[in-house]
Amino acid sequence: TLSDSEYSTAFLMAQYYYNQGQVEDALAAFEKCKFLNYKQNTIYYYLAAIQINKGNFVAALEEVEAFDRTGGNIPQVYDIGINVANQLSQPAKSRYFGSKKAFFSGNSQEAFRLLNESLALDPDFQLAIDFKDKFRSN
């Protein structure tokens, strides 16, 4: 088992590279962090930001989805998902990320409305299906 201190050190180095604008070094360091502990959802925020910086919008969207799958609850990260999904003409994902943003901002009614819009656009969108199941169980 890898130690928490090893992850913490790697994460601090990754943030340092990111803050210095050393994009490739930051990308490699955050990928190492993901290897050390893929459940730390903050990694995916940074990876999404890096991918946007590089113009890799599909990869950025995948990182926001990973943030979501690992329990990410920072509303502002979902803004990235909304913007990138709109850029890529993926309205179901845009509505879904809007739903997550609204939910974590304390607006359950708006979250449910946007979630239903997402599923109306793509009834097979698994992240949205799973989120609706959680809504029902609460």
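1. Start with D68, which lies in helix α4. The model you are looking at is predicted. Is D68 buried or exposed? Its relative accessibility is 7%, so D68 counts as buried; the cut-off for that word is under 20%. Set aside the neighbours within four places in sequence, and D68 is in contact with Y78, Y96, K100 and L127. Keep those names in mind. Several return below.

2. Now take K100. This lysine is found in helix α6. With a relative accessible area of 7%, K100 is buried. Which residues does K100 touch, leaving aside neighbours within four places in sequence? They are D68, Y78 and F131.

3. Look at the end of the K100 side chain. Where does its charged end sit? It sits over the ring of F131, 4.3 Å from the ring centre. Find that ring in the 3D view before going on. F131 is buried, at 5% relative accessible area.

4. F131 also has an aromatic partner. The structure holds 16 aromatic pairs. In one of them, the ring centres of Y96 and F131 are 6.2 Å apart and the planes stand at 90°, so this pair is edge-to-face. The term applies to planes over 60 degrees apart. Y96 belongs to helix α6 and F131 to helix α8, so the pair ties together parts that are 35 residues apart in sequence. Y96 has 1% relative accessibility, so it counts as buried.

5. Compare a second pair, F103 with F104. How far apart are the centres of these two rings? The distance is 5.1 Å, with the planes at 80°, so this pair is edge-to-face. Check the exposure of each residue. F103 is partly exposed, with a relative accessible area of 28%. F104, at 29% relative accessibility, counts as partly exposed.

6. Which residues do ring pairs link into a cluster? They are F67, Y78, Y96, F97, F103, F104, F125 and F131. This cluster takes in Y96 and F131 from point 4, and F103 and F104 from point 5.

7. Next, the largest pocket. It holds about 240 Å³ of space. Of its 14 lining residues, the closest to its centre are D68, Y96, K100, F131 and K134. Which elements give two or more residues to the lining? They are α4 (57-69), α6 (91-104) and α8 (126-137). The most comes from α8, with 5 residues. By type, the lining divides into 6 nonpolar, 3 polar and 5 charged residues.

8. At 62% relative accessibility, S89 counts as exposed. Most residues other than glycine have a negative phi.

9. Another loop residue is K54, between α3 (42-53) and α4. K54 has 34% relative accessibility, so it counts as partly exposed. Which residues is K54 in contact with, once neighbours within four places in sequence are left aside? They are V23, E24 and L27. K54 and V23 are 31 residues apart in sequence, with 8.4 Å between their C-alpha atoms.

10. E24, a contact of K54, is in helix α2 (residues 23-36). Its relative accessible area is 48%, so E24 is partly exposed.

11. Last, Q76 in helix α5. Is Q76 buried or exposed? At 52% relative accessibility, Q76 counts as exposed; the cut-off for that word is over 50%. Q76 and D4 are 72 residues apart in sequence, and their C-alpha atoms are 26 Å apart in space.

Key
Residues are numbered from 1 along each chain as its sequence is written. This is a predicted model: local features need pLDDT of at least 70, side-chain atom pairs count only at pLDDT 80 or more; totals for chains, interfaces and linings use all residues. Side-chain values use heavy atoms; hydrogens and water are left out. On a 1 Å grid over the protein atoms alone, a cavity is a set of points where a 1.4 Å probe fits but cannot get out, and a pocket is an open set with protein on both sides within 12 Å along at least five of seven lines; lining residues have an atom within 4 Å of a point. Grid points are joined across faces, edges and corners, and a volume is the space filled by probe spheres set on the points. Helices (H or I, at least four residues) and strands (E, at least two) are DSSP runs, numbered from the N terminus. Ala, Val, Leu, Ile, Met, Phe, Trp, Tyr, Cys and Pro count as nonpolar, Asp, Glu, Lys and Arg as charged, and the others, Gly among them, as polar. Buried means under 20% relative accessible area, exposed over 50%, partly exposed in between (1.4 Å probe, protein chains only). Contact means heavy atoms within 4.5 Å. Rings of Phe, Tyr and Trp (its six-membered ring) pair if their centres lie within 6.5 Å; planes under 30 degrees apart count as stacked, over 60 as edge-to-face and the rest as tilted. A charge sits over a ring if NZ of Lys or CZ of Arg is within 6 Å of the ring centre and within 35 degrees of the ring normal.
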